[in-house]
Amino acid sequence: MAFMVKSMVGGQLKNLTGGLGGEDKGEGEKSPAEAQGMTREEYEEYQKQLVEEKMERDAQFAQRKAERATLRTHFRDKYRLPKNETDDNQIQLAGGDVELPKELAKMIEQDNEEEEEKDSVIGQLTNIQNLDLDSLKDKAQATLEDLKQSAEKCSVM
């Protein structure tokens, strides 16, 4: 608002005075350092700090993106899904050797353990409801003994 008033009135005022008097620096003509109330050296240091902070944030962001890409790659491998070049590029941009956060690595390890239990024979048997393992074991041993006895009676062997 002040800018609008100054531009409307200031231009007319210069015409009336004929541009007499020293030229004052307007607010728009101040250097960035003066506008922020700093010396030139302080302003340069401030700008350098801003650039460094931005670079750190960008590096952390790239690292997080690479960690997520690693996780997605892991799940693609696990479920035999097609690979994604974008994820591979993100991992390479972060340096290629990206470690998962501890929480994610722990979750993946737990998933792997659960899958190993489910894939094992005992794991499959425990999933079957109303199954008595002792009786199944006894039946298997009885069948094995019957086979041995019939094999002894066999005249071919």
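Visitor: Which helix is the place of glutamate 117?
Guide: You're looking at a predicted model, where local features need pLDDT of at least 70, side-chain atom pairs count only at pLDDT 80 or more, and totals for chains, interfaces and linings use all residues. Residues are numbered from 1 along each chain as its sequence is written, and side-chain values use heavy atoms, leaving out hydrogens and water. Helices here are DSSP runs of H or I with at least four residues (strands: E, at least two), numbered from the N terminus. Glutamate 117 falls in the run 102-119, helix α5.

Visitor: Is glutamate 117 buried or exposed?
Guide: Buried means under 20% relative accessible area, exposed over 50%, and partly exposed in between (1.4 Å probe, protein chains only). Glutamate 117 comes out at 55%, so the label is exposed.

Visitor: How many salt bridges are there?
Guide: The rule wants a side-chain nitrogen of Lys or Arg within 4 Å of a carboxyl oxygen of Asp or Glu. Lysine 54 and aspartate 58 make one of them, at 3.1 Å between the closest N and O atoms. The count comes to 4.

Visitor: What is the closest N and O distance between glutamate 44 and arginine 40?
Guide: Both residues lie in helix α3, 4 residues apart, about one turn of the helix. Arginine 40 is exposed at 62%, while glutamate 44 is partly exposed at 47%. Their salt bridge has its closest N and O atoms apart by 3.6 Å.

Visitor: Are the rings of phenylalanine 75 and tyrosine 79 stacked or edge-to-face?
Guide: Rings of Phe, Tyr and Trp (its six-membered ring) pair if their centres lie within 6.5 Å; planes under 30 degrees apart count as stacked, over 60 as edge-to-face, and the rest as tilted. By this rule there is 1 aromatic pair. The centres of phenylalanine 75 and tyrosine 79 are 6.4 Å apart with planes at 15 degrees, so the pair is stacked.

Visitor: What is phi of arginine 80 near?
Guide: Arginine 80 is in the loop between α3 (40-78) and α4 (85-93), and is exposed at 76%. Its phi is positive in a residue other than glycine, near 55 degrees.
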